[in-house]
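Take a look at the model first, then try each task before reading on.

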Amino acid sequence: MTETSALDTPAPAPTPAHVSQPSPGRRPAPRRHKSLVRSPSVLLSRAGVTAMLGLATLYTLLPLTWLLLSSTKSREDLFGTNGFALGDEIHLAGNLGHLFSADGGVYVRWLVNTVLYAGVGALLAAVFGVAAGYAFDKLAFPGKERLFALVLLGVMVPGTAMAIPLYLLAAEAGLVNTFWGVFLPGLVFPFGVYLARVFSASYVPDEVLEAARMDGAGEFRTFCRIAFPMIAPGFVTIFLFQFTQIWNSFFLPLVMLSDQDLYPVNLGLYVWYSSALSQGHPEDYLLAVVGSLVSVAPLIAVFLMLQRFWKSGMTAGAVK
């Protein structure tokens, strides 16, 4: 058998000078097809997102700006000038004085009613919602998931659809045209129960509850002393949602109430606005505008006071 000598081995073909050679030990980068390399969408770019947020902010602030500027005008300037222009003089102080003295100071009564409906009602609704959500998450009892399915069904039913059934129930109980006819429905907040269960599952470890039970704490004490402080941001969030919902409620008081002394602010402003249109009282239109500005102030104040608790709840799960 003959061996092949190195002289018989054919030499490799020379490489043209314009073709680059890969360096030894380095793999060539894979080629990407041009159709797969796409530039980011214009709407998802930083400029697009900033523009969308700017439009949303403008959409939110324009009505408030019109309301503020219109509240500083006299009745003549309100109808004779552009909505976003100032009048000849600033009449805000006089308009506020006329607002709180009109019809014997009934607007103050409406504000007090709304604070009771929304403030006390939302506080109790948040307490009940957090307790129910904690029970659905941490406790075991028969029919738990079926009851929670009913809660989710209540979330999907709009509040306006429940106004007439609530009126019929209130009529049977003798609560029509009373404070309780509007106050009691505000204590039920199905979305708050769902949200509280989510917060309880995320922020309350089962090990902590087991340790509390081993130390002799009952279920009520465990909830009040251990679980509730952990889900306090969720409590604030539920309170803000329900407070805003009750404060802006209109159809249920419209159906339930006929006594003006029991009206909330929204219904009272609607009465003034309807009076300005149907009975030809233009001064009531100015009262409705200034009253709308004053009715927005408590919502802004409550949000500003509680926003740090709400932010802490939104960011609590971001860091381990």
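**Exercise 1. How many cavities of 30 Å³ or more does the structure hold, and which residues line the largest cavity?**

Solution. Please keep in mind that this is a predicted model.
- Step 1: The structure holds one cavity of 30 Å³ or more.
- Step 2: For the largest cavity, the volume comes to about 50 Å³.
- Step 3: Its lining is made up of Thr114, Tyr117, Val182, Ile246, Ser249, Pro253 and Pro264.
- Step 4: Sorted by class, these lining residues are five nonpolar and two polar, with no charged residues.

**Exercise 2. Describe the largest pocket: its volume, its lining and the helices that supply the lining.**

Solution. We can go from the space itself to the residues around it.
- Step 1: The volume of the largest pocket is about 710 Å³.
- Step 2: Its lining has 23 residues, and Gly159, Met162, Pro185, Val188 and Gln245 lie nearest the centre.
- Step 3: At least two lining residues each come from α5 (144–156), α6 (163–173), α8 (190–203), α11 (232–247) and α12 (251–256).
- Step 4: Among the contributors, α11 gives the largest share, three residues.
- Step 5: By class, 16 residues of this lining are nonpolar and seven are polar, while no charged residues take part.

**Exercise 3. Which element gives the largest share of the lining of the second largest pocket?**

- Step 1: Of the 11 residues in its lining, Leu240, Thr244, Leu299, Ile300 and Phe303 lie nearest the centre.
- Step 2: Two or more lining residues come from each of α11 and α14 (282–315).
- Step 3: The largest share, six residues, belongs to α14.
- Step 4: The lining of the second largest pocket counts nine nonpolar and two polar residues, and no charged ones.

**Exercise 4. Work out how α4 and α10 are oriented to each other, and list the residues that meet.**

Solution. Start with the axes.
- Step 1: Helix α4 (residues 106–138) and helix α10 (residues 219–230) have axes that come within 12 Å and cross at roughly 105°.
- Step 2: Angles of 65 to 115 degrees count as roughly perpendicular, so α4 and α10 are roughly perpendicular to each other.
- Step 3: On the α4 side, Val130, Ala131 and Tyr134 make the contact, meeting Glu219, Thr222, Phe223, Ala227 and Phe228 of α10.
- Step 4: By class, six residues of this contact are nonpolar, one is polar and one is charged.

**Exercise 5. How many aromatic pairs does the structure hold, and is the pair of Phe179 and Phe183 stacked or edge-to-face?**

Solution. Count, then look at the geometry.
- Step 1: There are 23 aromatic pairs in the structure.
- Step 2: In the pair of Phe179 and Phe183, the rings are 5.3 Å apart centre to centre, with 20° between the planes.
- Step 3: Planes under 30 degrees apart count as stacked, so Phe179 and Phe183 form a stacked pair.
- Step 4: Both residues belong to helix α7 (residues 179–183), where they are four residues apart, about one turn of the helix.

Methods: Residues numbered from 1 in each chain as written. Predicted model: local features only at pLDDT ≥ 70, side-chain atom pairs only at ≥ 80, totals over all residues. Heavy atoms only, no water. 1 Å grid on protein atoms, 1.4 Å probe; cavity = no way out; pocket = protein on both sides within 12 Å on 5 of 7 lines; lining within 4 Å. Points joined across faces, edges and corners; volume = space filled by probe spheres on them. Nonpolar A, V, L, I, M, F, W, Y, C, P; charged D, E, K, R; others polar. Axes fitted to C-alpha atoms, helices over the stretch in contact; angles between N-to-C directions. Parallel < 35°, antiparallel > 145°, perpendicular 65-115°, else oblique. Contact = heavy atoms within 4.5 Å. Phe/Tyr/Trp six-rings, centres within 6.5 Å; stacked < 30°, edge-to-face > 60°.
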